[in-house]
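Visitor: I would like to learn how to read a structure of this kind step by step. Could you show me the model and then take me through its features one at a time?

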Amino acid sequence: MQPFRISDIDNSQAPLLDHLIELRARLLRAFMAFAVAFGVCFYFSGDIFAFLVRPLTEAFPPGQGRLIYTKLYEAFFVEVKIALFAAFFVSFPVIANQIWAFVAPGLYAKEKKAFLPFLIATPILFTMGAALAYYVVMPTAFHFFLTFEGNKGGLKLEALPGTGDYLALVMQFILAFGISFLLPVLLMLLNRAGIITRKQCVGARRYAIVGIFIIAAVATPPDVVSQLLLAVPLLALYEGTLILMWFTERSEAREKAKAEAEVPAVVEGGSAAE
């Protein structure tokens, strides 16, 4: 039995300590980027909130819309939440870059080439989903919600949304659509990892449709319009991902066949030379 030596522990821990030191440096840079972005966004939180409230302003008749707050500190914390929300989006490129810089050295060239498109596609798809929510879904939903104003039983029914409630609703819309639009990234990652195939996704299409409508019902406010406006694009993204899988699997099969055809040629050439 070989004796246990302390030097063995020290030698084995040296690379780990280097990785931990690098991880700490990467996390610190990401946090600093987020902190700077938060400070800038908090300074412009009023302008950001004015941008977020525009769909509601346009849904009201001219000059009739208003937001209220019933707690003295509510307006302040709304601006803090807005700054946090916006700071994450502003600092995300730096955070993603730090994550990539830490992970990339441990990947093979082929793995880097496969992973990098997903890292680029994630913010693009999220932004597309958030833009759909802001420019299409929110105005449509707010117009629908405000149709319930009027006289009910001799009393005036008026919408008086609170700032905190409105911000929560806007964040729900943006996050629901942004995260849902990452469906192609998830499916393609699972496909590239060999966990699922295009054939399995095609066979499970009916279950995927049911799942998409369940996600739309849970992620959006409880109105049919918002649910359909999320479900329909998700169905289109699902079908588009199946097409992309078909091209990817076909390209991989072609490369595999080419590699298998080259191996016998190399072997035969080596035999002839002998």
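Predicted model: local features only at pLDDT ≥ 70, side-chain atom pairs only at ≥ 80, totals over all residues.

Visitor: How many helices and strands does the secondary structure of the protein come to?

Guide: The protein has 10 helices and two strands, and from the N terminus on, its elements run α-α-α-α-α-β-β-α-α-α-α-α.

Visitor: What radius of gyration does the protein have, and what would a compact globule of 274 residues have?

Guide: The general idea is to set the value for the model beside the value for a globule with that number of residues: the protein has 26 Å, whereas a compact globule of 274 residues would have a radius of gyration near 19 Å. The box filled by the C-alpha atoms, taken along the principal axes, is roughly 100 × 50 × 35 Å.

Visitor: How should I read burial, and is T163 buried or exposed?

Guide: Burial is read from relative accessible area, where under 20% is buried, over 50% is exposed, and values in between are partly exposed. T163, which lies in helix 6 (residues 163–180), has 8% relative accessibility and therefore counts as buried. Leaving aside neighbours within four places in sequence, T163 is in contact with F49, L67, I68, Y69, E74 and V78. Over the protein as a whole, buried residues make up 28% of the 274 residues.

Visitor: Which residues does C201 touch, not counting those up to four places away in sequence?

Guide: C201 touches I196, Y238, L242 and M245 on that count. The place of C201 is in helix 8 (residues 198–203), and because its relative accessible area is 7%, C201 is buried.

Visitor: Where is P105 found, and how far is its C-alpha atom from that of K81?

Guide: P105 is found in the loop between helix 4 and helix 5, and the C-alpha atoms of P105 and K81, which are 24 residues apart along the chain, are separated by 36 Å. P105 is exposed, with a relative accessible area of 60%.

Visitor: What share of the contacts in the protein with a separation of 6 or more comes from residues 24 or more positions apart?

Guide: Such residues account for 83% of those contacts.

Visitor: How many aromatic pairs does a search of the whole structure find, and how is the geometry of a pair read?

Guide: The search finds 17 aromatic pairs. For geometry, planes under 30 degrees apart count as stacked, over 60 as edge-to-face, and the rest as tilted. The rings of F89 and F126 have their centres 5.4 Å apart and their planes at 40°, so this pair is tilted. The pair links distant parts of the chain, with F89 in helix 4 (residues 74–103) and F126 in helix 5 (residues 109–146), 37 residues apart. F89 is partly exposed at 32% relative accessibility, whereas F126 is buried at 14%. Another pair, F144 and F148, is edge-to-face, at 5.6 Å centre to centre and 85° between the planes; F144 is partly exposed, with a relative accessible area of 33%, and F148 is partly exposed at 46%.

Visitor: Which residues do ring pairs link into a cluster?

Guide: Ring pairs link F38, F42, Y73, F76 and F77 into a cluster.

Conventions: Residues numbered from 1 in each chain as written. Heavy atoms only, no water. Helix = DSSP H or I, 4+ residues; strand = E, 2+ residues; numbered from the N terminus. Buried < 20%, exposed > 50% of the residue type's maximum accessible area, 1.4 Å probe, protein only. Contact = heavy atoms within 4.5 Å. Rg over C-alpha atoms; globule rule 2.2 N^0.38 Å. Phe/Tyr/Trp six-rings, centres within 6.5 Å; stacked < 30°, edge-to-face > 60°.
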